[in-house]
Amino acid sequence: MEVYLASPWIPREWVEVHGLVPRGLFCAPVLGTLTPRMAEGICSFAQQSLELARRYCDRGDAVVFVSSCDQMRRGFDLVGEQETSNAFLFNLPATWQSDAAWRLFRLEFERFTRFLERIGGHRQADESVAIIIDTALGARAKLRSSWNKLRARGFAECIARLHWDGCTIVESVSDVNGDAGVPVAVVGGPLTPAQWGILDAIESAGGRVVLNATETGERSLGLEMPRPGRIAGSIDSLARFFFSRIIDVWQRPNTRLYDWVRERIEERNVRGIVLWHHVGCDLWRAEAASLREAFGLPILTLDSEQAYSDHPRLMHRIAAFMEILR
Amino acid sequence: MNQHLLKPLNLDAWDVRYRELVRSGLVEPVYGGPLSRHVTASGDHRLERLRFDGSPAALRLWNFLLTENERLRHARAAGDRLVGVMKDLGTVPVMAYALEGLRAFYPDGTWWTPCLMEETDCLLPRAEALGIDASFCPVRAMLAAFKDGGHFPLPDLLICSAGAVCDDFSAIAQRLEKLGFQILWWEMPRRRAPEPGEAQAVLPGEIVTARELVECVREELARVGKALGDLAGKVPSDAIWQEGVRAANQVRGLLAELRRVVYGARVAPLPALEMLIAEMLAIHYCSDRKETVAVLTGLLGEARRRLRIGAGVVADDAVRVFWVNPVADLRAMNLLEEWGGCLCGSDFMFTHALDPIPEDIPPLEALAQMALADPMVGPAADRAVRVVHEARAAKAEAVVVARIPGASHSATEGRVILEAVRHVLGIPGVEVEIAPVCDAMQPTLAGRLQALLETARTRRVKKP
Amino acid sequence: MIFAGIDAGSRSIKLVLYDAETRKVVGRGMAEQGVDQVRLAEALFERTLGASGLGPNHVARTVATGYGRGSVRFADSTVTEITCHARGVWQTSPDARTIIEIGGQDSKVIWIEPDGRVRDFAMNDRCAAGTGRFLEMVATRLGVDLCKLSEVSRASARPAVISSTCVVFAETEIIGLLASGVAVADIAAGVQKAIASRVSTMAMRAVVRPVYFTGGVALQPGMCRALQEALETEVKVVPDPQFTGALGAALVAVEQIS
């Protein structure tokens with residue numbers, strides 16, 4: 001059975017540990033191409049995710065939603081609790097500094113475990129668990145170190161493959177132009193495969209995306225964490241590990257996100273930030289002014305419902321932004 | 001029964017009435033006075049468009065509401081510490097008021113100030129300049145209020161719940177923190193039904209959830225309580241919290257009785273707008289718990305008096321409407337009645353703050369249960385169940401779900417609620433977006449609300 | 001006795017004169033809506049009466065409906081277009097159970113009982129993407145006459161995806177599609193599909209057959225086709241759909257007297 005995960009913060013390794021096939025719903029190749037029944041006020045990413053979730057549930061697969069944005073949380077109300085018991089809502093705590101936040105995550109992790117067992121998963125032997133976790137850590141580390149070896153689209157593709165089917169082949173693309181191009185960071189919500197044209201547009205206009213901090217980019221690999229000390233038989237240390245690697249805008253306070261972005265902006269000499277979000281996403285939209293104040297860099301805010309028909313508008317803005325940066 | 005229909009008053013008519021009342025010996029609290037002074041003194045121009053109930057009890061209610069900022073300033077000058085509570089509606093203030101020397105208020109109550117001030121204060125454009133534009137809900141007004149300090153005094157402690165809360169509010173609060181206002185965040189988990197084998201807890205409102213979630217919230221409230229205690233210079237105890245719970249229940253009991261008397265009447269004795277304000281007071285006592293009791297007692301007395309003499313504020317064939325969600329423009333509540341409807345019940349997003357807090361269990365446990373019973377914290381279906389239950393009990397003929405512009409949760413839950421209403425009760429319902437100043441949209445609003453009222457009336461009479 | 005129903009819409013004013021004795025429509029007229037709504041309604045009233053050989057004293061009662069009903073000063077009463085469209089459709093098509101009305105400003109789904117009473121209704125949010133106004137904008141952008149839009153869309157092989165829920169943003173999308181070389185037929189078909197999709201969302205999967213389509217937009221066969229596809233059921237167009245509201249208002253006027 002395939003288990004579709006609506007967020008990179010749902011531990012895919014744990015799904016694998018239970019002998020099931022994890023797939024990042026947020027990296028589904030068809031995302032961005034669907035035309036769900038439109039309802040005003042719901043972000044297009046959430047709508048498409050819900051449409052996909054319905055389809056997957058209908059054919060007997062499982063879908064794991066997250067509580068971290070109210071569109072997806074309420075989407076679960078529409079899909080999960082009515083349609084099938086193969087849907088699960090993982091309550092990711094927004095706070096992260098208190099014992100209660102950790103306790104909540106721990107409870108959810110155990111509940112998630114029971115869900116995986118209920119849909120037919122069986123936890124593998126400790127030795128296999130250790131191999132799966134180590135392999136996953138290695139894959140993420142390898143991808144993290146590849147940010148400057150690939151064009152932005154290539155890097156996004158590799159990350160998407162990791163989340164979609166666990167593949168970690170990193171192909172060097174020989175025509176990466178070294179250090180050419182104005183270093184730019186793309187920060188924001190999920191950038192689906194249909195929207196990677198934005199990365200191409202930045203590079204065509206003389207930029208170089210040195211930081212893809214979108215929910216589906218480098219940031220989705222999580223905080224670089226030391227390997228949990230005891231993997232075998234230790235739910236606690238694993239849960240703590242998965243909890244601690246989350247870096248996202250919905251955390252309260254979201255200082256971890258800013259610290260992580262700042263570190264990379266400084267080390268990669270970023271000169272401009274593209275803030276990307278779907279129309280209807282308040283969490284990211286509200287950060288434009290804070291990002292400007294925090295980093296003192298020019299910011300281009302791009303929002304879209306679907307990339308294809310918005311293409312000319314977005315390209316025009318990117319070209320203008322790159323002109324300013326150059 | 002003779003129906004004596006009481007007409008609402010505009011501000012000018014209230015000035016005349018006020019003079020009459022004063023001549024006949026009206027006794028007012030220290031914050032009393034003519035309503036029109038709030039326009040001249042504070043620029044509350046929206047008051048000029050509203051219609052008010054003409055009773056001394058309503059006058060006291062409005063003056064109480066519109067003098068909150070002054071009250072907070074006096075409290076600060078007298079040495080009280082101020083706590084700004086955000087997002088949770090009705091839980092943390094119970095704790096704050098249990099500690100002497102603390103006053104709690106909701107800075108996000110400023111969200112309806114633009115409606116009252118009809119943009120003279122430019123809070124919304126100023127919020128946009130601070131980075132939060134019109135795609136967010138009117139709560140964004142509080143950003144400007146914090147920055148300029150011209151409304152409420154800046155609180156000594158800011159407390160905000162996070163997690164199962166609406167995104168736009170959460171984003172605005174995070175922006176506030178980035179503007180330099182430190183916030184104590186506490187986690188509100190998303191409420192869910194217990195799984196088989198999981199220990200259960202039954203919350204007020206008969207909602208069943210997992211026991212562990214109550215534990216989690218209780219732990220968080222203990223942390224919040226410690227912060228409140230530090231601010232007040234006291235070590236909180238269960239006895240202190242219990243006293244707060246009892247005092248809160250006194251207010252809740254009064255409000256429950258007021259709602260029963262008004263919504264249960266065949267002809268409403270008090271208008272929809274004053275009932276909305278009365279409910280909103282209850283969640284944080286409008287910064288004065290004792291005075292809230294006096295105000296609600298006055299309203300209840302007036303409602304009962306009117307029922308005895310057969311006086312009401314709507315025609316006796318008014319369509320009974322159950323209203324869901326508060327309105328960004330208070331004028332909408334007047335319009336409902338002007339167009340032939342009457343409020344027979346409400347869910348203004350904080351029904352959990354109206355229910356009595358259990359007094360037979362440890363107070364933090366009781367408060368945790370209350371907080372988790374918040375209709376916004378769980379599935380929209382739970383909220384729909386309660387709406388259906390209450391609308392049925394109120395003999396509602398129609399349901400209105402008001403959408404708050406920019407509020408991210410509004411997009412989906414209205415649909416869930418209306419589907420449940422249609423399916424279970426078979427009565428018509430409509431979802432309407434009500435802008436902070438709805439004058440320009442009045443024809444659109446009329447098209448929907450009047451159509452709803454017409455449909456409800458048609459359903460009363462079978463065609464020959 | 002003659003009864004008048006006037007539907008003061010956002011784009012046009014429609015008037016119907018109904019003879020309650022013969023149960024026939026004895027006159028009707030239409031005018032474009034404008035700034036001086038009061039005068040325009042009065043002028044239409046006089047003109048239509050004159051063309052029917054009648055005078056104001058022949059009219060027993062007038063009911064106004066529509067967005068601008070408040071500006072019809074000579075009306076004896078006003079009723080919303082929900083009630084009037086339901087009444088008007090039921091008069092011509094008594095088997096109707098679900099009515100879809102797409103006007104200039106609003107789109108509605110109305111569920112009616114077998115006896116013609118409105119059971120429930122749903123309306124679009126205030127955004128106009130899902131209304132006649134959207135189609136007008138599209139026709140202008142595509143350089144096509146509004147009445148020819150359906151013919152154009154029939155040639156579509158692959159309707160374009162129009163995702164915006166707002167007319168202003170949708171216009172931007174259409175400009176983008178044209179710039180990308182997407183065929184005019186595909187854009188027209190895509191717009192019709194988008195409107196139909198919005199309507200079907202409003203209907204919330206609660207369509208009760210038979211379904212009838214009314215309002216000015218119902219004159220577009222392409223819209224009817226798109227609705228059928230979106231609702232997965234047959235959709236019939238009422239006769240003279242742009243006059244249904246006014247007819248319903250006149251019938252309500254009859255009922256108010258009796």
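1. The contact draws 16 residues from chain C and 17 residues from chain B, where two residues touch if their C-beta atoms, placed from the backbone, lie within 7 Å. On the chain C side, helix 2 (81-92) and strand 8 (118-123) each give at least two residues; helices (H or I, at least four residues) and strands (E, at least two) are DSSP runs, numbered from the N terminus. Strand 8 of chain C has the largest share of that side, with four residues.

2. A housekeeping point: this is a predicted model, where local features need pLDDT of at least 70, side-chain atom pairs count only at pLDDT 80 or more, and totals for chains, interfaces and linings use all residues. Residues are numbered from 1 along each chain as its sequence is written, with chains lettered from A and ligands numbered from 1 in the order in which they are written.

3. Over in chain B, have a look at helix 15 (residues 363-372): nine of its ten residues are buried, so it is largely enclosed by the rest of the structure. Buried here means 20 or more other C-beta atoms within 10 Å of the residue's own, with C-beta atoms placed from the backbone. Among the buried ones are B:Pro363, B:Leu367 and B:Met370. Their packing partners in chain B include strand 5 (184-188), helix 10 (211-232) and helix 11 (238-264).

4. Chain A has twelve helices and eight strands, and 55% of its 326 residues count as buried. Its average pLDDT (the predictor's confidence in each residue, from 0 to 100) is 87.

How values were computed. A residue is buried if 20 or more other C-beta atoms lie within 10 Å of its own, exposed if 12 or fewer, and partly exposed in between; C-beta atoms are placed from the backbone.
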